[in-house]
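Me: I would like to go through a protein structure with you. Could you please guide me through some of its details?

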Amino acid sequence: MATSPTVHTKLDLSDSSSYLPSNLFQPRTSFFNRKPNNPGIQQLLLRRNRLESLAIYAKALGQLKQYLAELSLRENNFKQFPPEVTLLKNLTSLSLANNRLQVIEPEMLSSLVHLQWLNLSNNQLTGLPLDIVCCHHLRGLDLENNLIKNFPVVIFYLTRLEILLIQKNQIKMIPANYDFPATVHTLNLAFNQFRQIPSTLISKPPLALTHLHLSGNKLRSLSSKFLMTGYTNLISLDLHTCQLNRCSPKLFERLSQCKNLRRLNLAINQLTDLPDEIGLLSQLQWLNLNDNLIRHLPDTMSDLTHLVKLGLVQNQIQVLPANVFLHMLELQKLDIRRNQLKYLPPSILALAPRQEVDVHVDLAVPHAVFQTLSTPVCRAQVERSCLDGHPYGGSLRTLLFYENPTVEHVDGILCDLGDEPKSPESVQAMSIPTAYSILRSNPKTMRDSLRTSLLEQEKLVVRCNDAKFKRSDHPLPNMLSEIDQEEELEENASEELEDEDEREAIRAQVQKEFTSILSLRELMMRDHLVREHVYRFGSGQERVDQLVDEAYRFIQSALPSTVVPSMMQYMTLEEGRQCDYCSAWYTESRFQVGYLARLCNNRLRIPIRFSLCSMECTLDSVVRLYQTTIDWHTRQSLAHIDATLLLPSPHQENGGGGGEVSTARREITNYWHVGLSQHDTRQERSPMHRTLGFEQGEEEEVTVEEVGGEEEEEEEEEEENNNVRSASSSSSTLSTVSTLSLTRQSSLARSIRNRVVQLASTIFNYHQGLSRAPRFLPLVFPETIVEEPPSVVSITTRIVEGRLQTERSQPQLRLATPTPSPTSFHHLPRDAIRLEKF
C-alpha cells in the first residue's frame, strides 16, 4: 500500500543570504502542488537575509502563490514595498518589520484583499496609502517606531480592525471628528507626544476595547471625564511614565465598574499617595506602582484579594499597613525593594502556603500564638465556602525585600519611643534568645522572672537602628590601613562613652514606659470598647480591625458623636486597633514583639513586629512563644525518634531472637501506644502495595476482597468475645488503606505521605522476606499492654500524620493556586504579541 506524501506547510529560509537560490529551493516540477489534497507551502520565512528586492525570486513566489498565506520579510534592507508580493493573492499575514521603508506606493495593497495581519514596525514611514482600505479583512496593524506625525485617518475606515499598535511615533493629536472602529480591542498609543487623552477615547471609545496603552505620554493629569463612557470590557490599562502626580478617587471608582479589569500599570510616575478607593478594584490581579514617590499605602489595599503580582519598587514607603496582606491569598510575587522599610507587618505571614507553615517553626509558632494570624476574618466567606478562615494559607512564591537600607533585623521585646525628642523610634529591651534563656532557667515563674529581668536590666537596651541589626546586601571589603584602624579605634572609644550616656538615658525612658500607668481616658476607652465588642459580637476574640469598613462602623456605633466629642471619635477612628495577642481594643501603646520569620521555603528571613496593648500581653506572648517553640521541637524530635525506630537492628538482621517472639506475641512493650511487629500475614501482598503499585510476585497477590473478608471475620470474633484488643496486621493495614483511599486526592501533603508510606512498605517487606518468624525491635518499656501492635505501614502513616497534624481538621490542601489568565500579565493579548513577533 503506497504511503501518502509528506505535507509541507512551512518553509523557513531565514539567515540564508549566502546560499539562497533564486528558486527558493523549489523543484522544477510542481511536486508540492501536484496533489490536490496537498496544501503545499503555507508559510514562508525570509528573515535576516539582507534582501533589497524580490525580483529574482518572482518565479519561485509565483509557484507558491496558490497556497502561501503567511510571508515574513522582517529584518532585511527593503527601501520600497516589494511589488512581487502583490502576486500573492491569498496572503493573510505579511511582515516587513525592521526594514528601511519610507513610503508605500499606491495600488500596492489593493490586491491583497485577504490580508488580515500587517506588520510595518521599525521603518521610516510617515503615513499609509489610501488603498489600504481595500484590505477589507485587516484585523491587525503594527506601525510601531516609525516617523508618523499625523494620525492616518484611513485607519478609521478599516471596519474590521481589532489590533492597532502605533506606539513610538510623533503623533500629537487624533482628529476629534473620527471614531475608532467598534471592533478594536487593543489600542497602543504609548510613547507619542500626546499632552492629553484624545477626545475620541473620552467621548466614544471602541465598544470592544480591552487593552489601552497610553504610557510614555506627558499627560501629567487625567481628564475628569476619562472612563465615564464605555470601557465595560477593559482588561488592561497602562499609564506608566506619564508624569502623573495624582490619581483622583473618581479614577478608581470608575475602574471598579470595569468588572474584567485585571491589569493596572501606574509605574514611573510622581504619585505621592493613593486614595482609599483603590480598594474597590478587588478583581485586579496585576498592579504595578514601581518608581513613584509613595510614602504610605491606604488600609483598603487589603481588599485587593485577587492580586497575583504587586510591584512597589523604589518608593518612599516607611511603614506598611498592619493588615495589608492578610487577605491576598493569591499573591505569588511581591516586590518591595528600594524603599525605607524597617520591618514588615504581621500580615505578611498570611501569604505563606499552608505546606510551609506546617513544617517551618518560624512560621508555625507565630501562627499559633498571635490572633492576627490564627483567626483572620476571611472576605472569601461571602463569595465561597470557607470554613476555617484561611485553611489553605497563601500562595507566595517570590518576595523581593533587599535594598532597603533602613531595615532592622531585630527581635524580642521592643519599646517604641518615637514621640520622645532626640530619641530613636524604637529600642530592643530584650532579645528573644535572652528571654528564652531566662524562661528556661525559671520554668515555674516564667512571667515574673521575665518582668524582673526587664526592670533590673542594665546594658540590655539596644537601639533598633544599631549597626548590628543591619545587613548589607553587598558588603565591601575593609581596605583601611593599620594607621586608619588605630584612628578609628580611638574615635570608636570616644563614641562609646557618648553612646553609654545615651544608652543610659534610653534605658531610663524604657523603664518609665514599663512602669507607667495608663491615663484615665485610655482606661475608660479600652473598657468601653471591649464591653461593646463583647456585646455586639459575643466574644472578645473576634478581629474587627482587620476589615477597615467594619472597624469604622463599630467605633462609630460604640462612640456616637452625640455622646462623645467628635474629636475623640476621630482620634479613635484613626488610632484605635486591637491587640495582636489578646484582641483587646486600645489607642495608645508602645509595646511590640519583634520576630524573625522565614518565607519562601525558608530562603528569606524577614523582621516582623506585633503590636500589643500592654506590658502584661507582651510578657504573656513571649512566654507563649517560648512554650510553643518547645512544643514544636518536641513533636519534631518525637517524630524523628519514631522514624528511627522503624529501622531493624543488627541483631534482628542476623535472625536472633526468633524463638522468643512467639511467647511475647500477646504481651509486648508499648511506645506511644504503638509497638513494632510484623505478622506472618505480612508476607502476603497487602492492599497497600496494590494501592501504591508494587509488584511482589505472583505467589504473593491477595485480592482486596479477601483481605476485607479477613477483617470482617476478625471484627465478628471481637464482638463475640467482647475483648478490647487492637486489630491484626492485616486489618490494621486495611484500615490504613481505607483511610488513605479516602484522602488520596490532588494534595501535595497527601502525596508526600503516600510516598513515605510507599518507601517504608518496600523496606520492611524486603527485610520481612528474609525470615518467616515475626520480629520485634529490642526495646524495653515499663508499660506493657495485652494487644497486638499496628503494622509498619500504620506506624509510618502515624509518623507522617504527626507532621501534618492540622490536615485532618481542615479541608484538603490545594496542590497549587490556580494561575490567572495569561492576558492579565501580558501587556498585549496573544494575537497582538504574535503580530509583533511575526
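**Loops, a helix and charged pairs**

Reply: To begin, Asn 122 counts as partly exposed at 24% relative accessibility; buried means under 20% relative accessible area, exposed over 50%, and partly exposed in between (1.4 Å probe, protein chains only). This is a predicted model, in which local features need pLDDT of at least 70 and side-chain atom pairs count only at pLDDT 80 or more, while totals for chains, interfaces and linings use all residues. Residues are numbered from 1 along each chain as its sequence is written, and side-chain values use heavy atoms, with hydrogens and water left out.

Me: Where is Asn 122 placed?

Reply: Asn 122 sits in the loop between β5 (117-119) and β6 (140-142). Strands (E, at least two residues) and helices (H or I, at least four) are DSSP runs, numbered from the N terminus.

Me: What is the phi of Asn 122?

Reply: Asn 122 is not a glycine, yet its phi is positive, about 60°. Most residues other than glycine have a negative phi.

Me: And what about the phi of Lys 168?

Reply: Lys 168, also a residue other than glycine, has a positive phi near 60°. Its place is in the loop between β7 (163-165) and β8 (186-188), and Lys 168 is partly exposed at 42% relative accessibility.

Me: Let us turn to helix α8. Which of its residues are buried?

Reply: In α8 (residues 432-441), the buried residues are Ile 432, Ala 435, Tyr 436, Ile 438 and Leu 439. They lie on the same side of α8 because they cover an arc of only 160° around the axis. The arc is that of the directions from the helix axis to the C-beta atoms.

Me: Which residues are exposed on the other side of α8?

Reply: Pro 433, Arg 440 and Ser 441 are exposed there.

Me: New topic: how many salt bridges are found in the whole structure?

Reply: The search finds 26 salt bridges, each being a side-chain nitrogen of Lys or Arg within 4 Å of a carboxyl oxygen of Asp or Glu. Side chains of opposite charge can pair when their charged atoms come close.

Me: Which residue meets Arg 263 in a salt bridge?

Reply: Asp 238 does, with an N to O distance of 2.3 Å. The pair links distant parts of the chain, 25 residues apart: Arg 263 is in strand β11 (residues 263-265) and Asp 238 is in strand β10 (residues 236-238).

Me: Are those two buried or exposed?

Reply: Arg 263 is buried at 5% relative accessibility, and Asp 238 is buried at 3%.

Me: Which residue forms a salt bridge with Arg 451?

Reply: Glu 616 does, and the closest N and O atoms are 2.8 Å apart. Arg 451 lies in helix α9 and Glu 616 in helix α14, so this pair ties together parts that are 165 residues apart in sequence.

Me: And which residue meets Arg 447?

Reply: The side chain of Arg 447 meets that of Glu 616 in a salt bridge of 1.9 Å, N to O. Arg 447 is in helix α9 (residues 446-456) and Glu 616 in helix α14 (residues 615-645), 169 residues apart. Glu 616 is partly exposed, with a relative accessible area of 30%.

Me: Finally, which residues are linked in a network of salt bridges?

Reply: That network links Asp 15, Arg 48, Arg 74 and Glu 75.
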